[in-house]
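Visitor: I have a structure to look over with you. Please take me through it by question and answer.

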Amino acid sequence: MGSLGEELVKTLDNGTAFTIPIGNGLPVSQSVVVTWCIMAFLVVISILFTRNLKLVPKGPQLYVEALVGFINSFFGNLLGEEGKKFVPYLGTVLIYLAVANMIGILGITPPTKDLNTTAALALMSIVLIEFGGLFAKGFKGWIKSFAEPIGIVAPINILEIFIRPLSLCMRLFGNILGGFIVMELIKIVAPIIVPLPFSFYFDVFDGLIQAYIFVFLTSLFLKEAIE
């Protein structure tokens with residue numbers, strides 16, 4: 001049982017991929033490196049799939065346009081005309097999270113297993129939400145919105161600024177980490193006969209669901225802020 005726990009702890013350790021020789025050394029974690037690789041992969045795929053665009057789409061262009069159309073339609077209908085300018089950001093985060101959460105099926109540790117990654121994404125979302133409300137309502141309107149519907153709830157509304165990113169961060173981190181731990185335990189106990197359905201569920205289905213929930217909640221908070 002002790003060796004099982006040690007193996008699991010080693011698996012959960014993000015570790016340092018390399019150290020940048022600046023000052024006393026700047027360590028770069030494995031989750032950051034995996035994120036860079038995902039970003040590079042998505043950039044290359046985007047360039048390849050958007051070359052030689054045709055008026056009548058076919059092949060890869062057809063699938064890309066279907067994905068972009070779904071993202072624009074879904075978030076556009078949810079946010080309305082005022083929020084359409086935020087759709088590219090939300091779509092980008094959705095695609096990144098989908099790939100990051102599913103990458104475990106290739107034997108690579110998902111970067112969203114690192115609390116630093118999910119915390120950074122949550123902070124980016126809350127900055128987007130608050131600045132969206134600020135630009136939509138103006139400074140005075142944004143300040144007054146904290147006293148809605150009545151002034152006595154202002155402290156609670158202000159507290160929500162800190163509660164929302166914590167909620168987004170811990171929900172994504174907890175679900176991805178939980179699924180990762182379960183899969184690693186299965187691999188440790190039964191490394192040869194690991195059932196494929198478990199991997200498909202935790203790495204693919206649950207990963208896509210968590211990506212959707214994160215971006216969906218962000219868009220709901222944003223809609224509330226800009227209304």
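Visitor: What share of the residues of the protein count as buried?
Guide: This is a predicted model. Buried here means under 20% relative accessible area. The protein has 227 residues, and the share of them that count as buried is 35%.

Visitor: Among contacts between residues at least 6 apart in sequence, what percentage join residues at least 24 apart?
Guide: A contact needs heavy atoms within 4.5 Å. Of the contacts at least 6 apart in sequence, the part joining residues at least 24 apart is 66%.

Visitor: Which elements give two or more residues to the largest nonpolar core?
Guide: The largest nonpolar core has 33 residues. Those with the most contacts inside it are Ile38, Phe75, Leu97, Phe214, Val215 and Leu222. The elements that give two or more residues to this core are H2, H3, H4, H5, H6 and H7.

Visitor: Which residues does Val215 touch, not counting those up to four places away in sequence?
Guide: Val215 is among the core residues with the most contacts inside the core. With residues up to four places away set aside, its partners are Phe75, Leu90, Val93, Leu94 and Leu97.

Visitor: Is Ser219 buried or exposed?
Guide: Ser219 lies in helix H7. Beyond four places in sequence, Ser219 touches Phe75, Leu78, Leu79 and Leu90. The cut-off for burial is under 20% relative accessible area. Ser219 has 0% relative accessibility, so it counts as buried.

Visitor: Why does Pro110 count as buried?
Guide: Pro110 is in the loop between H4 and H5. Leaving aside neighbours within four places, Pro110 is in contact with Ala100, Asn101, Ile103, Gly104, Ile176 and Phe180. Burial requires under 20% relative accessible area. Pro110 counts as buried because its relative accessibility is 4%.

Visitor: How far apart in space are Pro110 and Gly207?
Guide: In sequence, Pro110 and Gly207 are 97 residues apart. In space, C-alpha to C-alpha, the distance between Pro110 and Gly207 is 9.8 Å.

Visitor: Which residues lining the largest pocket are the closest to its centre?
Guide: The largest pocket holds about 1,000 Å³ of space. It is lined by 39 residues, and the closest to its centre are Leu42, Gly91, Thr92, Ile95 and Tyr96.

Visitor: How many charged residues are in the lining of the largest pocket?
Guide: Helices H2, H3, H4, H5 and H7 each give two or more residues to this lining. By class, the lining has 28 nonpolar and ten polar residues. The number of charged residues in the lining is one.

Visitor: Which element gives the most to the lining of the second largest pocket?
Guide: About 280 Å³ of space lies in the second largest pocket. H5, H6 and H7 each supply at least two residues of its lining. The element that gives the most, with six residues, is H5.

Visitor: How many residues of the lining of the second largest pocket are charged?
Guide: The lining has 15 residues, and nearest the centre lie Ser145, Phe146, Glu160, Arg164 and Glu224. Six residues of the lining are nonpolar and three polar. The charged residues number six.

Terms used. Residues numbered from 1 in each chain as written. Predicted model: local features only at pLDDT ≥ 70, side-chain atom pairs only at ≥ 80, totals over all residues. Heavy atoms only, no water. 1 Å grid on protein atoms, 1.4 Å probe; cavity = no way out; pocket = protein on both sides within 12 Å on 5 of 7 lines; lining within 4 Å. Points joined across faces, edges and corners; volume = space filled by probe spheres on them. Helix = DSSP H or I, 4+ residues; strand = E, 2+ residues; numbered from the N terminus. Nonpolar A, V, L, I, M, F, W, Y, C, P; charged D, E, K, R; others polar. Buried < 20%, exposed > 50% of the residue type's maximum accessible area, 1.4 Å probe, protein only. Core = buried A, V, L, I, M, F, W, Y, C linked by side-chain atoms within 4.5 Å.
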